[in-house]
Amino acid sequence: MGRVYEIGYAFDRAMKIDQRGKKTVTTADFVRELKKVNWDWARRQANDWIGMSVSTFRDISTEEGDNRTFMVYNPNGGR
C-alpha cells in the first residue's frame, strides 16, 4: 500500500500542460500514476478523490463514463 502523500504526487505527475499553458488531467493518467506508487484505485475512486481534494480543477469531459478529463479553472479570469 502506498503512502497518503503519494496520491497528490501521482495527481501532479498525471498533469499535462499544452503549448498555451492549459493544464489537464485525465482519470486514466491519474490511475496509471497511482499504480506506480502502489495505489490500486478504480477510475470512479480516482474521480471521487479529485472532486473532493482538488478545487482548482473542473470536469471538461466530452463523453460519459468514468474516464473523465479535468482542467485547471480560475474563475478570476486566469488560465
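Which residues of helix H1 (residues 5–14) are buried? The legends below start there. The model is predicted.

**View 1. The two sides of helix H1.** Glu6, Ile7, Ala10, Phe11 and Ala14 are the buried residues of helix H1. They sit on the same side of H1 because they cover an arc of only 150 degrees around the axis. Tyr5 and Asp12 lie on the other side of H1, where they are exposed. An α-helix has 3.6 residues a turn, so residues three or four places apart point the same way.

**View 2. What covers the buried residues of H1.** Three strands are included in the cover: E1 (16–17), E2 (23–26) and E3 (57–59). Helix H2 (27–36) and helix H3 (43–53) are also among the covering elements.

**View 3. Surroundings of phenylalanine 11.** Phenylalanine 11 counts as buried because its relative accessibility is 4%, and the cut-off for buried is under 20%. Leaving aside residues up to four places away in sequence, phenylalanine 11 touches Val25, Phe30, Trp49, Ile50, Val54 and Phe57.

**View 4. The aromatic pair of phenylalanine 11 and tryptophan 49.** The structure holds 6 aromatic pairs. One of them joins phenylalanine 11 and tryptophan 49. The ring centres are 5.8 Å apart, with 55 degrees between the planes, and the pair is tilted. Phenylalanine 11 is in helix H1 and tryptophan 49 in helix H3, so distant parts of the chain, 38 residues apart, are linked. Tryptophan 49 counts as buried at 19% relative accessibility.

**View 5. The aromatic pair of phenylalanine 30 and tryptophan 49.** This pair is also tilted: 5.4 Å centre to centre and 40 degrees between the planes. Phenylalanine 30 belongs to helix H2 and tryptophan 49 to helix H3, so the pair ties together parts 19 residues apart in sequence. Both phenylalanine 30 and tryptophan 49 are buried.

**View 6. The aromatic cluster.** Phe11, Phe30, Trp39, Trp41, Trp49 and Phe57 make up one aromatic cluster.

**View 7. The largest nonpolar core.** In soluble globular proteins, nonpolar side chains tend to be buried together. Here the largest nonpolar core has 17 residues. Ile7, Phe11, Phe30, Leu34, Trp41, Trp49 and Ile50 have the most contacts inside it. Helices H1, H2 and H3 each supply at least two residues of this core. H1 gives the most, with 4 residues.

Key
Residues are numbered from 1 along each chain as its sequence is written. This is a predicted model: local features need pLDDT of at least 70, side-chain atom pairs count only at pLDDT 80 or more; totals for chains, interfaces and linings use all residues. Side-chain values use heavy atoms; hydrogens and water are left out. Buried means under 20% relative accessible area, exposed over 50%, partly exposed in between (1.4 Å probe, protein chains only). The arc is that of the directions from the helix axis to the C-beta atoms. Contact means heavy atoms within 4.5 Å. Rings of Phe, Tyr and Trp (its six-membered ring) pair if their centres lie within 6.5 Å; planes under 30 degrees apart count as stacked, over 60 as edge-to-face and the rest as tilted. A nonpolar core is a set of buried Ala, Val, Leu, Ile, Met, Phe, Trp, Tyr and Cys residues joined through side-chain atoms within 4.5 Å.
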